[in-house]
Amino acid sequence: DAFAKGTAIAAAAGSQHKTTSPPTAKYLAPENCVSLNVPAVNNPIWGNISSGIRNQEIKMQKILKLLASGITAFARSVDGKDMSEEQQDALALFCNVQFEINCFKKSVI
């Protein structure tokens, strides 16, 4: 199946972004979409958490930035007034992942 092959190639290519920048700069979340902003840990808390937790937080922020860019790219690629049910479900699922990761981040700190 072409979709499965393409997805496998794209997933494996993720590691290639360690040497080149992923296209996140092309797909910044709109300013009026604050739910896609990656929240930073406030300074007093940041200064009191261990380096291990800080490293985890930095990795989670990177994941959230990539996810926000993906959501933004997907949302731009569809007509918001004429989305299929499958497109609506996909957007809802991506946004739910974003929400759940943010909840997880809060619970870890």
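Predicted model: local features only at pLDDT ≥ 70, side-chain atom pairs only at ≥ 80, totals over all residues.
**Exercise 1. How do α3 and α4 pack, and which residues make the contact?**

Start with the geometry: the axes of α3 and α4 sit 10 Å apart, at an angle of about 165 degrees. Next, apply the cut-off: angles over 145 degrees count as roughly antiparallel, so that's what α3 and α4 are to each other. Then check the handedness: α3 passes α4 in a left-handed crossing. Now list who's touching. On the α3 side you'll find I53, Q56, E57, M60, Q61, I63, L64, L67, A68, I71 and F74, while α4 brings Q87, A90, L91, F94, C95, V97, Q98, I101, N102, F104, K105 and V108. Sort these by type and you get 16 nonpolar, five polar and two charged residues.

**Exercise 2. Which residues make up the largest nonpolar core, and which element gives the most to it?**

First, the members: L36, M60, L64, L67, A68, I71, V78, M83, L91 and I101, 10 residues in all. Second, the elements: α3 (51-77) and α4 (85-108) each give two or more residues. Third, the top contributor: α3, with five residues. Zoom in on one member, L67: leaving out residues up to four places away in sequence, L67 touches F94, V97, Q98 and I101.

**Exercise 3. Is T72 buried or exposed, and what is T72 in contact with?**

Find T72 first: it lies in helix α3. Its relative accessible area is 4%. Buried means under 20%, so T72 is buried. Finally, skip neighbours within four places in sequence, and the contacts of T72 are Y27, L28, A29, P30 and L36.

Key: Residues numbered from 1 in each chain as written. Heavy atoms only, no water. Core = buried A, V, L, I, M, F, W, Y, C linked by side-chain atoms within 4.5 Å. Buried < 20%, exposed > 50% of the residue type's maximum accessible area, 1.4 Å probe, protein only. Helix = DSSP H or I, 4+ residues; strand = E, 2+ residues; numbered from the N terminus. Contact = heavy atoms within 4.5 Å. Axes fitted to C-alpha atoms, helices over the stretch in contact; angles between N-to-C directions. Parallel < 35°, antiparallel > 145°, perpendicular 65-115°, else oblique. Left-handed = near helix turned anticlockwise from the far one by under 90°. Nonpolar A, V, L, I, M, F, W, Y, C, P; charged D, E, K, R; others polar.
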